[in-house]
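Trainee: I would like to learn how to read the inside of a protein model. Where do we begin?

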Amino acid sequence: MSDGDKAKPRRRRRRRRGRRAAGPPEADAERATSSGEKANSSSDQVASERAGQPAKPGQNRKPRPSRRAPERLRTVHETSAGGLVIDGLDGPKDTQVAALIGRIDRRGRMLWSLPKGHIEVGETAEQTAVREVAEETGVQGSVLAALGSIDYWFVTEGRRVHKTVHHYLMRFLGGDLSDEDMEVTEVAWVPLRDLPARLAYADERRLAVVAGELIDKLHTDGEGALPPLPHSSPRRRPQTHSHTRNRRPEESPPRRANGCGPAQ
């Protein structure tokens, strides 16, 4: 066999690798860095031109607006008392009427509610209920039983007020309806059966239901069958008197208007 007929050795195939530009690796790093800086600077310039402002070097993100901590409101607690005065307790329920007060809210609506007011120094809740009923309606009453308590929150004059109101069932003793109190727009005798529809607030409507149950017990078993009054101590310290006295947050400042309302 001649030399030309000898088998030639096979060449090993090598994988092709991506071409790399000539030069040391430091040059490649510099090129990558410079190209990234150019891209960032060009994008910042475009954003600044769109906003109508010249681009600033090194400006990559917008500063976050500073957040101001919300102001804390001072919390105060107020306690009031009032009553549902019923005329004709000894007669049939169909003839019984209750004294309500009305105030006009900022939408011009008449809102009917139970008379009530702040407990002053030296007064018990029952004494306050008798006094406030007389001041706001002009009629005198005596406390028979507790109807329950209502509490709610509202904000006024930079204060957060937590108000609690104690209500009592009261017997009418005498007097004539009068709206001499400047915080009352109108007063009226309202039939007991119409209280759920007339009272503006759901919590007071529930008290009217309790009053009806106590009146039934009074007719059936007598005044001695009524639950005893809860203990109430005279108030020792004065309390804050907000300008929203006896009002809910949605009501407007009290205004005097039409005088005594007719019995309805």
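**Reading rings, cores and a helix**

Mentor: This is a predicted model. Start with F154, which has 5% relative accessibility and therefore counts as buried, the cut-off being under 20%.

Trainee: Is Y152 buried or exposed?

Mentor: Y152 counts as buried, at 10% relative accessibility. The rings of Y152 and F154 also form a pair: their centres are 6.1 Å apart and their planes meet at 35 degrees, so the pair is tilted.

Trainee: How many aromatic pairs does a search of the whole structure find?

Mentor: Two aromatic pairs are found. In the pair of F172 and W189, the ring centres lie 5.4 Å apart with the planes at 90 degrees, so this pair is edge-to-face.

Trainee: Which charged residues lie over rings?

Mentor: R160 has its charged end over the ring of W153, 4.1 Å from the centre of that ring. R198 lies over the face of W112, at 5.7 Å from the ring centre.

Trainee: Next, the nonpolar core. How many residues does the largest one have?

Mentor: The largest nonpolar core has 29 residues, and L84, I86, L100, L147, L169 and L195 are those with the most contacts inside it. Elements giving two or more residues to this core include the strands β1, β2, β5, β6 and β7, along with helix α4. A second, separate core has 16 residues, among them A81, A99, I101 and V133.

Trainee: What does L100 touch, leaving out residues up to four places away in sequence?

Mentor: Its contacts include L84, W112, V187, L195 and R198.

Trainee: How do I read a helix, and why do some residues point the same way?

Mentor: An α-helix has 3.6 residues a turn, so residues three or four places apart point the same way. Here, helix α2 runs over residues 125-137 and reaches 18 Å from its first C-alpha to its last, close to the 18 Å expected. Its buried residues include A125, T128, A129, E132, V133 and E136. Seen down the axis of α2, the buried residues fall within an arc of 155 degrees, so they line one face of the helix.

Trainee: What covers the buried residues of α2?

Mentor: The cover includes β1, β2, β4, β5, β6 and β7.

Note on methods: Residues are numbered from 1 along each chain as its sequence is written. This is a predicted model: local features need pLDDT of at least 70, side-chain atom pairs count only at pLDDT 80 or more; totals for chains, interfaces and linings use all residues. Side-chain values use heavy atoms; hydrogens and water are left out. A nonpolar core is a set of buried Ala, Val, Leu, Ile, Met, Phe, Trp, Tyr and Cys residues joined through side-chain atoms within 4.5 Å. Buried means under 20% relative accessible area, exposed over 50%, partly exposed in between (1.4 Å probe, protein chains only). Helices (H or I, at least four residues) and strands (E, at least two) are DSSP runs, numbered from the N terminus. Contact means heavy atoms within 4.5 Å. Rings of Phe, Tyr and Trp (its six-membered ring) pair if their centres lie within 6.5 Å; planes under 30 degrees apart count as stacked, over 60 as edge-to-face and the rest as tilted. A charge sits over a ring if NZ of Lys or CZ of Arg is within 6 Å of the ring centre and within 35 degrees of the ring normal. The expected span of a helix is 1.5 Å times one less than its number of residues. The arc is that of the directions from the helix axis to the C-beta atoms.
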